[in-house]
Amino acid sequence: MEKHFIYGMSVEGENFTDRTRETQRLKKDFEHGMNVILISPRRMGKTSLVKKVKAEISDPHIRIVMMDIYDCRSEYDFYNRFAASILKETSNKMEQTLENVKKFLVRLTPKISFSPEPLSEYSMSLGITPENYTPEEILNLPEVIAKEKGIHIVICIDEFQQIGEMPDSLSIQKRMRGVWQHQTHVSYCLYGSKKHLMTNLFQNKRMPFYQFGETNELSAISTQDWVPFIQSRFEKNSQFISADYASRICEYVGNHSSYVQQLAWNIMVETDKEVNEESFANGWKAMLAQCCSYFREQIRGLSSYQMNFIRLLCSGITSDFGSKAHQEMFPLGSKSNITRIKTSLIEREIVEQEADNSIHLINPVFQRWFTSEYL
Ligand SMILES: Nc1ncnc2c1ncn2[C@@H]1O[C@H](COP(=O)(O)OP(=O)(O)OP(=O)(O)O)[C@@H](O)[C@H]1O
Ligand SMILES: [Mg+2]
């Protein structure tokens with residue numbers, strides 16, 4: 001079965017559109033051992049981009065190791081994920097992985113488990129604890145392996161902001177940076193979607209990872225690149241969408257990658273032969289219905305001042321919230337209250353603060369939904 005639009009999981013092959021410039025750039029970074037930090041809002045396409053670059057690198061001397069640490073709660077959770085991913089991805093077969101464990105982590109007896117589906121991956125639990133290995137030994141593992149095998153390893157860590165949430169996080173970060181900065185055969189691509197946490201880890205002078213690598217914000221795919229992609233999908237399904245409607249899809253969702261595909265799919269379902277006002281409106285309605293329970297959850301328990309703050313943002317105000325004119329539109333309370341509102345909405349990942357201190361709603365679809373429900 002062919003899917004015309006994909007959302008909710010990373011995309012590959014012909015489902016990956018554009019990003020030529022970003023792909024080239026990241027590929028060069030990987031090939032030349034540069035450390036990279038990649039930040040973007042949720043579902044913009046980080047994982048897809050890193051996978052794409054991995055697939056494009058054919059040099060056998062470069063190995064790309066990808067891992068996701070969203071569920072690592074402690075330092076040693078992380079070391080177990082870190083070591084297992086490196087050992088797996090630098091070997092071709094399970095037997096070889098086990099040999100590598102014997103060679104590089106002699107004090108361990110790993111457990112292997114297979115999932116019920118045939119051909120699927122095995123998982124390996126190494127059992128690294130403070131009793132058998134120090135953090136430094138594990139953090140230096142990729143360098144030891146890379147030297148021994150005569151390769152360069154690029155380690156890509158997804159949802160890296162999780163490190164900042166661990167108990168005693170600052171010491172962990174110091175240990176990591178302390179070991180990693182001396183490695184010459186390993187480079188890192190650290191990425192994540194919680195912008196305020198990522199920014200704090202990498203752009204705060206007092207933090208260990210300050211200026212660890214080049215920081216890139218992954219921007220949205222342009223309308224110009226989306227339009228032919230959307231049109232070709234409709235064509236494949238023997239339907240027609242004009243460039244105007246395809247652009248409108250992008251505009252409605254602020255070019256947010258996952259939402260572009262979700263809205264396009266909903267409109268496709270509502271369309272017979274050709275997209276028109278009615279099928280567009282129905283598709284949009286269907287998508288909002290899919291999103292609204294999540295949006296309601298996001299605003300659950302917000303105070304009326306916090307709601308007012310979002311109302312101001314939806315009215316196009318991005319700064320100077322305490323001014324008389326704005327307070328008359330939607331009151332927010334005292335100055336210190338405004339600061340508290342900002343902080344709490346940033347923590348809830350509803351808004352983000354730009355370098356110039358202006359505040360914006362993160363999610364363009366949320367913005368439209370909120371406007372229609374509460375303004
Ligand atoms: N290059 C692309 N071409 C087409 N669609 C894309 C592209 N990148 C992302 N998307 C769309 O965005 C969705 C999310 O992509 P992906 O999982 O790579 O994003 P992410 O930033 O890693 O998300 P998360 O924040 O959940 O980790 C995909 O399912 C797809 O609909
Ligand atoms: Mg991802």
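## Burial and model basis

A residue is called buried if 20 or more other C-beta atoms lie within 10 Å of its own, exposed if 12 or fewer, and partly exposed in between, with C-beta atoms placed from the backbone. By this count S238 is exposed, because it has 7 C-beta neighbours inside 10 Å. Of the 375 residues of the protein, 34% count as buried.

The model is predicted: local features need pLDDT of at least 70, side-chain atom pairs count only at pLDDT 80 or more, and totals for chains, interfaces and linings use all residues. Residues are numbered from 1 along each chain as its sequence is written, while chains are lettered from A and ligands numbered from 1 in the order in which they are written.

## Confidence and overall layout

The mean pLDDT (the predictor's confidence in each residue, from 0 to 100) is 93 for the protein, and 99% of the residues score at least 70.

The protein has 16 helices and nine strands; helices (H or I, at least four residues) and strands (E, at least two) are DSSP runs numbered from the N terminus. Along the principal axes, the C-alpha atoms fill a box of roughly 65 × 60 × 40 Å. Contacts require C-beta atoms, placed from the backbone, within 7 Å. Of the contacts with a separation of 6 or more, 67% join residues 24 or more positions apart.

## Ligand 1 and helix α11

The shell around ligand 1 holds 21 residues, of which G45, T47, S48, S257 and S258 are the closest. A residue belongs to the shell if its C-beta atom, placed from the backbone, lies within 6 Å of the ligand. Two or more residues come from each of α2 (46–56) and α11 (257–270). By class, the shell has six nonpolar, eleven polar and four charged residues; Ala, Val, Leu, Ile, Met, Phe, Trp, Tyr, Cys and Pro count as nonpolar, Asp, Glu, Lys and Arg as charged, and the others, Gly among them, as polar.

Helix α11 is largely enclosed by the rest of the structure, because ten of its 14 residues are buried. S257 and S258 are among the buried residues, as are V260, N266 and I267. The buried residues of α11 pack against α9 (223–236), α10 (243–252), α12 (277–299) and α16 (364–374).

## Nonpolar cores

A nonpolar core is a set of buried Ala, Val, Leu, Ile, Met, Phe, Trp, Tyr and Cys residues joined through C-beta atoms within 7 Å. The largest has 49 residues, and A83, I138, I155 and C189 touch the most other members. Helix α3 (residues 75–89) gives the most to this core, six residues. Another core, of 34 residues, lies apart from it and includes A246, C250, V260 and F309.

## Loop residues

S238, in the loop between α9 and α10, has phi near 55 degrees, a positive value in a residue other than glycine. N255 lies in the loop between α10 and α11, with phi near 60 degrees, also positive in a residue other than glycine. N255 is partly exposed, with 19 other C-beta atoms within 10 Å.

N132 is in the loop between β4 (122–125) and α5 (135–139). With 15 C-beta neighbours inside 10 Å, N132 counts as partly exposed. Leaving aside neighbours within four places in sequence, N132 is in contact with R107 and L108.

Notes: Contact = placed C-beta atoms within 7 Å.
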